[in-house]
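Please walk through the following structure with the text below as a guide, beginning from a single side chain and widening out to the helices and the pockets.

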Amino acid sequence: MLNTYSRTLSCGTLKVTPTGGTIALDELFDVAERRNPKRAFLFVSKVLGRHIPVKPSVMRAVYQQLAALFPACDQGPVLFIGMAETAVGFGAGVFDEVRGSVSDPVYLTSTRHPVEGGELLCEFKENHSHATDHLIYLPQDAELRRRVLEAKTVVLIDDEATTGNTFINLLQALQQDAGLHNIARAITVTLTDWSGDALAQRSPIPIQYVSLVQGDWHWEKNPEAPVPVMPAVNVTATGSVPITGKQSWGRLGISSPSADLGRDVQTHPGEKLLVLGSSEFVWEPFLLAERLEKQGAEVKFSSTTRSPIATGFAIQSAIAFGDNYGLGIPNFVYNVAHQQFDRILLCIETPAASVDPALIEALKQVAPSVEVVCYE
């Protein structure tokens, strides 16, 4: 029997009561405090590789566990959508494990980085987020474009579903704004699903759920806690720095991974490596981390993020620095500064010179060797 999970934060108490699943809640996540007045708490995944460094093999095993739960899907094309920024890599991993068993698969991510010359498919809101606006672009490849426009099944992927509102917003945007009228079925894939039957009650089409754990949550606010001040990260815009990396991981659609980032990077058994993705650019960096782990290195994977989280509880340390897209917003690396590695590989989709020197200096306190990996 799974036990109730309870955490008392400075701003209130969160209780989660599991209703299904076979994994203990504290194996999947811990909780932290958001620097966000809309929602004061955050589920911080222990297996996602975003806010807590994780072995690539652990992440891959999670993708495989979810793929084993995926329902039979004979209505294609099948459009998979991973949610920016937290679930773009997670979505790609699930897609990678499922794509061979469905008809005409295509993977897209939402993005907060407008694509110059790209054709917008739709946009939608994630109302509780620190960055509410999401954009989805049509692939430029003709076949992938056809799969999107003719999709009969849509798979919506996020790290967790709390209320289901964001999924509903996306479904409405796909059907009403993007005109994807062939979609007759939806499947949600999450690590943890706290939304109950809220989605089924509001979805205009039949919907199925895939998750490792299901449950109900209750938040009891501390009325005396100060309202957190959120940094200005709610930006969906083109920055002053060009995106020079290959769009081979989801923003413009993929049918299979390229796995071509850092081909010259090698390691040796026992080397303690940290591979850092950046913002939405995490799938190709993950594949690099996975390759290096298979060579025998002790590899952890994590990523930079714009998500503002207070230190304490699940967040043991934080590094703050300027973003590499020229947006002028703060970015963060969590749970790295208190660790030690032999080498850190920072993977970016912008030119190497776009990295804030403050980030490099902070990472050099953690590892004697810090390398920037990009497609230049």
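R60 counts as buried because its relative accessibility is 11%, where buried means under 20% relative accessible area, exposed over 50% and partly exposed in between (1.4 Å probe, protein chains only). The model is predicted, so that local features need pLDDT of at least 70 and side-chain atom pairs count only at pLDDT 80 or more, while totals for chains, interfaces and linings use all residues. Residues are numbered from 1 along each chain as its sequence is written, and side-chain values use heavy atoms, with hydrogens and water left out.

R60 belongs to helix α2, helices being DSSP runs (H or I, at least four residues) numbered from the N terminus. Leaving aside residues up to four places away in sequence, R60 touches D96, E97, W283, F286, L287 and E290, contact meaning heavy atoms within 4.5 Å.

Helix α2 (residues 56-69) packs against helix α7 (residues 283-294) at an angle of about 115 degrees, the axes lying 9 Å apart; axes are lines fitted to C-alpha atoms over the stretch in contact, and angles run from 0 to 180 degrees between N-to-C directions. From α2, P56, S57, M59, R60 and Y63 meet W283, F286, L287, A289, E290 and E293 of α7.

Turning to the pockets, the largest has a volume of about 260 Å³, and among its 15 lining residues P114, E116, T238, P242 and I243 lie nearest its centre. A pocket is an open set of points on a 1 Å grid over the protein atoms alone, where a 1.4 Å probe fits, with protein on both sides within 12 Å along at least five of seven lines, and lining residues have an atom within 4 Å of a point; a volume is the space filled by probe spheres set on the points, which are joined across faces, edges and corners.

Methods
Helices (H or I, at least four residues) and strands (E, at least two) are DSSP runs, numbered from the N terminus.
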